[in-house]
Amino acid sequence: MTLARRQFLQLIASTAAAPLMIARSISAQQATRPVRTATGLLATWQSTAWLGAELGVFKKRGIDMSLPAIAVGGPAGCYRRHQRQLGVRHTGTLPVAEEVLKGRDIVILATPTSEFANSFVMTRPEITGLSQLTGRKVGVLTETGQTSVAARITIEKTGASATYVPLIKFDRIFAALAAGEIDAGALPIDLRFTGEHRFGWHAFPIDEFGTPSIFATTRKLINSDRDLVMNVMQGFVETIHLFKTRPDIVVPALQRYLNIDDRKAAEDLHAFHVPLFQKAPRPSFPGMQTLRDLLAKNTPPQLPSRNLTLQIHRLSRA
């Protein structure tokens, strides 16, 4: 079961018309509903749930939004969401598609940002091209996550054959590259400018298949508590509106979330992302065929490609 298009559009319209940071009044008798959320990456474009919780957007809707799993990587986050019944997940499209192929209950609700070059292969100063990475070590988050797979594909397109080192978190990749323990690393735009200015690293955009990050939940939760899911989505949309219109509030919060001391760097990151966040974050997957082709290569023989296509089609319409 998916959110009805009419209801979703009404949700967007009501947000645009509402005053800033004003939500429906919550009666004193109404109990706060807990919702547990996970994020795949510690990055500005995946900060919506944390910002909404930190700035009180969800609380005004009677939702106690907590984030027990931040920057756990796409595959681990999807699995933990499934196993521990996390209410909402903010991750890449690839790990969600992989969960669908495993038969797990996961469905896409929205795409908060348009597709953009959000991750880069950063290399040491002496490495001026990705083709020079043959035989070198490249730091990645995981072996199978969307950013890691995309980084590997981007490098392999140049003919290079590198060794990939899973380091779980971006700050570990950054530290390893700075220490000379690896020769390159997949890093988000949040750390690109710091790496360029402080260490003279080179940045090469990662091809992310044209599939943006997404908000996901389960059909089971939608079926059992549709109002809760709608309230959570309203909170996400209101947080996006806040991000786009109140830098005085959002920038200091981003500094805390990303652990950035430099106010100017945080202001630049915010300004860069403002036009990327969508006012109406309806699901859109321009790179779905590329994603299908990638998954088809690794589809088990017992799962016919016809079934793969049908399952991905269901995902894209959710």
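Two strands are said to pair if DSSP finds at least two bridges between them. Helices (H or I, at least four residues) and strands (E, at least two) are DSSP runs, numbered from the N terminus. The structure is a predicted model, in which local features need pLDDT of at least 70 and side-chain atom pairs count only at pLDDT 80 or more, while totals for chains, interfaces and linings use all residues. Residues are numbered from 1 along each chain as its sequence is written, and side-chain values use heavy atoms, with hydrogens and water left out.

**View 1. An open sheet with the strand order 7-6-8-5-9.** This sheet has five strands and mixed pairing. Strand 7 (163-166) and strand 9 (202-205) are its edge strands, each pairing on one side only. From one strand to the next, the twist averages 30°; axes are lines fitted to C-alpha atoms, for helices over the stretch in contact, and angles run from 0 to 180 degrees between N-to-C directions.

**View 2. The antiparallel pair of strand 5 and strand 9.** Four bridges join these two strands. Within the pair, Met 122 stands opposite Ala 203 in strand 9.

**View 3. Helix 6 and its buried residues.** Helix 6 (residues 170-178) has the buried residues Phe 170, Ile 173, Phe 174, Ala 176 and Leu 177. They cover an arc of only 165° around the axis, which puts them on the same side of helix 6. The arc is that of the directions from the helix axis to the C-beta atoms, and buried means under 20% relative accessible area, exposed over 50%, partly exposed in between (1.4 Å probe, protein chains only). An α-helix has 3.6 residues a turn, so residues three or four places apart point the same way. Among the elements that cover the buried residues of helix 6 are strand 5 (119-123), strand 6 (137-140), strand 8 (184-188) and helix 7 (189-199), where contact means heavy atoms within 4.5 Å. Helix 6 lies across strand 5, strand 6 and strand 8, and runs at about 140° to strand 8. After helix 6 comes Gly 180, with a positive phi near 80°.

**View 4. An open sheet with the strand order 2-1-3-10-4.** Five strands with mixed pairing form this sheet. Strand 2 (63-69) and strand 4 (107-110) stand at the edges with a single partner strand each, so one side of each is left without a neighbour in the sheet. The twist here averages 35° from one strand to the next. Strand 3 (residues 88-91) and strand 10 (residues 214-217) run antiparallel and are joined by three bridges; Thr 91 stands opposite Ile 214 in strand 10.
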